[in-house]
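Subject: Structure handover

Hello,

Here is the structure we spoke about. My notes follow it, grouped by region.

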Amino acid sequence: MAVTVAQAQPRTGTGVTRRTGSSPPGTAVGERTGQLPGRVAATLKATVLMLFAIYFLGPVYCLVIAATKPTDSIYTSGALLPYRPQLWTNLGYIVTYDGGLYFRWLLNSATYAIGGAAVSTLIAGAAGYYLAMFRFKWREGVFLTVIGGMLVPATALALPLFLLFARLNIVGSYWSVMLPSIVSPFALFLCRVAAEASVPGDLVEAGRIDGASEARIFFSIAVRLMFPGLVTAFLAQFVGIWNNYLLPLVMLTNKDMYPITVGLGTWQGQTTHTDILETLILVGALISVVPLVIAFVFLQRFWRSGLALGGVKA
Amino acid sequence: MTIATATSSSTGRRRTPARARALATRAGFLGPFYSAFALFFLLPIGFAVYESLLSQRRVGGVFGRPIEVFAGLSQFGAVFSDPQFWSGIRTVVLYVCVQAPLMATVGVALALLLDVTAPRLARLLRTSYFVPYAVSTVVGTILWGTLYTPGSSPLSEFHINIDLLSHSLVLPSIVNIGIWEWGGFNVVLMTTALTTIPTEIFDSARVDGASKWGLAWYIKLPLIRPTIVMSLVLTIIGTLQLFTEPQLMAQISDSIPSYYTPNMLAYSQLSSDNYSFAAAISVTLALVGLLLSFTFIRVTRRRTY
């Protein structure tokens, strides 16, 4: 909601008499009818925006096309048009290949991503709420340590984690992928900002006077108010884990434990021996995108306002 | 770790029930996150630093049992005198120099254009730009890898035969995957920053007769500057860690050696059990990343004020 309002604002600044005009605000975007340069600029703008839409969506279209082709014509029949489409046959191949290995990977990815993101959101939500609502001596120091952690990309942490876990002998277990996924400095940042922006101190105080415990206040009042922030934190971590490659690559050796990313990567290395893998990779890639797109579309109301929260503070 | 010190020292000698309850609350709320942060974030980093100071020696001949001895900074010496490491650094520096400015330009330009587009259309376009963010780097690389391969490339339909996986073009090809993957995310980031600009500024600029271009160039751009700097810093740190794209592309292109980026070199050292060397590379990369970002923030700050 906040996003929509704010987007509309700069627009009013562009048209000179726009406010009194009778045209609906959505249609007349800064185009000064009758003025040639204005029209040229508008056309140019529309062209650029459309070209980028093609750039960002085109490859996904090509993936759909390629995934529906018979294996022997992937590299001979062009990229833009369907060729003897056989999506069901190809889906059949991936369901049966190696005892349904792909769906094992899909399940693994879902377990890592949902489990990791849920725990990370819960613990970051609690900590972020506390940092926002309670004053104590080293509050900012404690917070800033973690914010510094935002500068460490996941890839940079994978090798050190491997070195440590190799010593602890937990390399190769589910835990070696799961445990590191529950820490997200970005989630803490987001949850603190969300709590500051959306949980009024008076409400918390009122809860205390009514005799509610701090845990109760958090779970039944704060969580609801912070929800957009929590959803954004969850989604960001979910995507991070779902798409993570290096960490599971170094940690896991048993292919039954692989997430999709590592599985597809392995298949890609084997295509020279097994032709059908060419198709399976493309179909597998296509399937793996679906859950994320669904999650983003369904939760977009939340993460949009959640992202806006981050913007207010940053 | 942080919590332990915080609680013990702030308790002091007065130990009232209320105080104890407050501390229990603090431990309950902060404990889980901070213990996980200490265990799976700070500890591995510390351990990597420790590991980088060790060196493997074999006792009892070439096939003997390896033991580890403290070796000071000698692993770093080995890293810095390794031509493969420098070749990797060259790759990522080249990559950063192209990727970072390009990414910022795409993100900012598209966000500014969408800012003066009808809200409904703008939202639709922004969502379509954002789609690749939901596509994993692995899938993105497989996807583009197919598009780069002559025969399944759309270019070959127009009878343009360029080998995008050849030695000279493989880096731009990887840059393209990055832009595609993160471009839409940057647009959303910049848009979010734009929405925080107070409307009054636009009103007064309009009264002063500012054009649309003027508005974008003199008002919006300077005001979202902190976000641009932040995004650039994250891009710089992230690109130093370049791994997934080239690692996967190496399976379909002969132009990518196993030491193409420092992280690929570190990974290949892991498989030969050369942990200390890999640790030294990781630590070096992290330090270079921090150094670069602090320098960058410094330089941009100085220019602003």
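Leaving aside neighbours within four places in sequence, Leu232(B) is in contact with Ala100(B), Ala104(B) and Phe296(B). Please keep in mind that this is a predicted model. Leu232(B) belongs to helix α11 of chain B, which covers residues 225–240. Is Leu232(B) buried or exposed? There are 21 other C-beta atoms within 10 Å of Leu232(B), so this residue is buried, the cut-off for that class being 20 or more. Another leucine of the chain, Leu30(B), is 202 residues away from Leu232(B) along the sequence, and the C-alpha atoms of the two are separated by 31 Å.

Next, the domains of chain B. The domain assignment gives domain 1 as 2–52 and domain 2 as 75–304. Taken over C-alpha atoms, the centres of domain 1 and domain 2 of chain B are separated by 36 Å. The contact between them takes 4 residues from domain 1 and 7 residues from domain 2. On the side of domain 1 of chain B that touches domain 2, the residues divide into 2 nonpolar, 1 polar and 1 charged.

The two chains also meet. In chain B, 88 residues are in contact with 88 residues of chain A. Which helix gives the most to the side of chain B that touches chain A? That is helix α2 of chain B (residues 17–52), with 18 residues. By class, the side of chain B that touches chain A has 53 nonpolar, 27 polar and 8 charged residues.

Two helix pairs in chain A come next, and both involve α14(A). From α3(A), the residues Asn90(A), Leu91(A), Tyr93(A) and Ile94(A) meet Ile276(A), Thr279(A), Leu280(A), Val283(A) and Gly284(A) of α14(A). This contact has 6 nonpolar, 3 polar and no charged residues.

The second pairs α14(A) with helix α13 (residues 260–270) of chain A. Their axes come within 9 Å and cross at roughly 160°. Angles over 145 degrees count as roughly antiparallel, and α13(A) and α14(A) are therefore roughly antiparallel to each other. The crossing of α13(A) and α14(A) is left-handed. On the α13(A) side the contact is made by Ile260(A), Leu264(A), Trp267(A), Gln268(A) and Gln270(A). On the α14(A) side it is made by Leu277(A), Leu280(A), Ile281(A), Gly284(A), Ala285(A) and Ser288(A). The contact of α13(A) with α14(A) has 7 nonpolar, 4 polar and no charged residues.

Last, two loop residues of chain A. Asp98(A) is not a glycine, yet has a positive phi of about 50°. Asp98(A) is placed in the loop between α3 and α4 (101–133) of chain A. With 12 other C-beta atoms within 10 Å, Asp98(A) is exposed, since that class takes in 12 or fewer. Asn169(A), also not a glycine, has a positive phi of about 60°. Asn169(A) lies in the loop between α6 (154–168) and α7 (174–178) of chain A. Asn169(A) has 9 C-beta neighbours inside 10 Å and therefore counts as exposed.

Regards

Terms used
Residues numbered from 1 in each chain as written. Chains lettered and ligands numbered in written order. Predicted model: local features only at pLDDT ≥ 70, side-chain atom pairs only at ≥ 80, totals over all residues. Helix = DSSP H or I, 4+ residues; strand = E, 2+ residues; numbered from the N terminus. Nonpolar A, V, L, I, M, F, W, Y, C, P; charged D, E, K, R; others polar. Domains from an automatic or database assignment. Axes fitted to C-alpha atoms, helices over the stretch in contact; angles between N-to-C directions. Parallel < 35°, antiparallel > 145°, perpendicular 65-115°, else oblique. Left-handed = near helix turned anticlockwise from the far one by under 90°.
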